[in-house]
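Subject: Structure for your review

Dear colleague,

Please find below the structure that I am handing over to you. A description of the findings follows it.

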Amino acid sequence: MSIISVKNLEKRFGDVCVLQNLNADIDKGEVISIIGPSGTGKSTFLRAINFLDPPTGGEVFFDGEIITKRNVDTTRRRMGMVFQSFGLFSHLDVMGNLTAGPVKLLKTPKKEAEEKAEELLKTVGLSERAKFFPRQLSGGQKQRVAIARCLAMSPEVILFDEPTSALDPTMVSEVMAVIRNLAKSGMTMLVVTHEMDFARDVSTRVMYMDENGIYEEGSPAEIFTSPKKPKTQAFIYNIRSYNYEAKSRDFDHVEMLVGIENFCFSHAIEKKTANKIQLLAEELVINIVTPKYGACSLNLSFSEKLGAYELSVLYGGEGSNALEAAEDELSAMMVLNSAKEIRHEYAGGTNTITASL
């Protein structure tokens, strides 16, 4: 049975819908990385699970029991959370931060709580900082203390909300090392993160969030090697794109070519490649497609990660391959010679010619 089950989760802030019809099951021992662009509800998802921001619809189950306002405090003791802003008590030293929860909430004897805190500080490499106050610690040390404080409550699940986003890049690795060790120990974790190496190498499952929910999910290999949905591909492969609509045969072709030139320049695409892209656009759009089919749409995309470029032209017509039907044989030959691969597809009354460089 799943330790956490989310059914038709919805979260609204006034008229703004952040999460809608979100469903998920998390099994014990899973390490789930939650990735995606900013503003897609990743942190809200975690906060809704433990009712820091109570859902406006749907249900959340923990270990088979539905979470309500009545039992949420008990559930939170079993489901810890580590925030990006550390959240340490500034008036307490490190030892005090680790023992406050167990002593006051779990009624653990102080000596026992301190012994456990000492062990946890060894685990996160901060034994020598037990009597330090938060203001005396670096960002990375504060976050490691925050993780140890969470572990002091003996949680069954830990929710990490972008645990390294507030850190200097030099401190990220020390925090991620602690989280990696927790993963090896079998701790169930949900981690909202921008650390793609962690998501790829440590996770048992990756959730990509967009469009008010879990847009795509799968194993790290599936998400990072062969994502299936367009927005996931754009995020993983770091795809940039330029679009132009030629609304008639007499469209402003200079505007299109200048737009391509500016796009290539702004993304530091080398001149030789930029010239080839402009040539393909000129031959395909100006000399082949619009003279015969009229209005069309051009899309240029490239992946910084893969170093791949694609230029697609969409136009009407009953499954007609514009290249094969081209009256301008020289233009057709130039397109074929300039591209590594040419594909023609027809669906829903729209033809697409895609040239890969």
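**Strand E8 and its partners**

Strand E7 (residues 157-161) pairs with strand E8 in the parallel sense, over five bridges. One of the pairs that join them is Val157 with its bridge partner Thr188 in E8. Please bear in mind that this is a predicted model.

E8 also pairs in the parallel sense with strand E3 (residues 31-35), here over four bridges. In this pairing, Ile32 has Leu190 of E8 as its bridge partner.

How many of the residues of E8 are buried? Strand E8 covers residues 188-192, and five of its five residues are buried. In a regular strand, side chains alternate between the two faces of the sheet. In E8 both faces are covered: Thr188, Leu190 and Val192 are buried on one side, and Met189 and Val191 are buried on the other.

**The chain as a whole**

The secondary structure of the chain consists of 12 helices and 15 strands. The C-alpha atoms fill a box of roughly 90 × 40 × 35 Å along the principal axes. The radius of gyration of the chain is 27 Å, whereas a compact globule of 357 residues would have a value near 21 Å.

Of the 357 residues, 50% are buried. Among the contacts with a separation of 6 or more, 64% are between residues 24 or more positions apart. The chain exposes about 17,500 Å², and carbon and sulfur atoms supply 49% of that area. As for charge, there are 40 positive and 47 negative side chains, and the centres of the two sets lie 10 Å apart.

**Helix H3**

Helix H3 (residues 94-104) is mostly covered, with nine of its 11 residues buried. These buried residues are Val94, Met95, Gly96, Asn97, Leu98, Thr99, Ala100, Gly101 and Pro102. Their cover includes helix H4 (110-123) and helix H5 (139-151).

Most residues other than glycine have a negative phi. Two residues deserve attention on this point.

Asn21 is not a glycine, yet its phi is positive, at about 50 degrees. Asn21 belongs to strand E2 (residues 16-26). Is Asn21 buried or exposed? Its relative accessible area is 55%, and the cut-off for exposed is over 50%, so Asn21 counts as exposed.

Phe51 also has a positive phi, near 65 degrees, and is a residue other than glycine. Phe51 is placed in the loop between helix H1 (42-49) and strand E4 (57-62). Phe51 counts as buried because its relative accessibility is 13%, and buried means under 20%.

**Thr352 in strand E15**

Thr352 lies in strand E15, which covers residues 350-356. With a relative accessibility of 15%, Thr352 is under the 20% cut-off and therefore counts as buried.

Which residues are in contact with Thr352, leaving aside its neighbours within four places in sequence? They are Ser312, Val313, Leu314, Arg343, His344 and Glu345. Leu88, for its part, is 264 residues from Thr352 in sequence, and the C-alpha atoms of these two residues are 56 Å apart in space.

A colleague

Methods. Residues are numbered from 1 along each chain as its sequence is written. This is a predicted model: local features need pLDDT of at least 70, side-chain atom pairs count only at pLDDT 80 or more; totals for chains, interfaces and linings use all residues. Side-chain values use heavy atoms; hydrogens and water are left out. Helices (H or I, at least four residues) and strands (E, at least two) are DSSP runs, numbered from the N terminus. The radius of gyration is taken over C-alpha atoms; the globule rule is 2.2 Å times the number of residues to the power 0.38. Buried means under 20% relative accessible area, exposed over 50%, partly exposed in between (1.4 Å probe, protein chains only). Contact means heavy atoms within 4.5 Å. Accessible areas come from the Shrake-Rupley method with a 1.4 Å probe; for residues, only the protein chains shown count as cover. Lys and Arg count as positive and Asp and Glu as negative; His and the chain ends are not counted. The place of a charge is taken as NZ of Lys, CZ of Arg, CG of Asp or CD of Glu. Two strands pair if DSSP finds at least two bridges between them.
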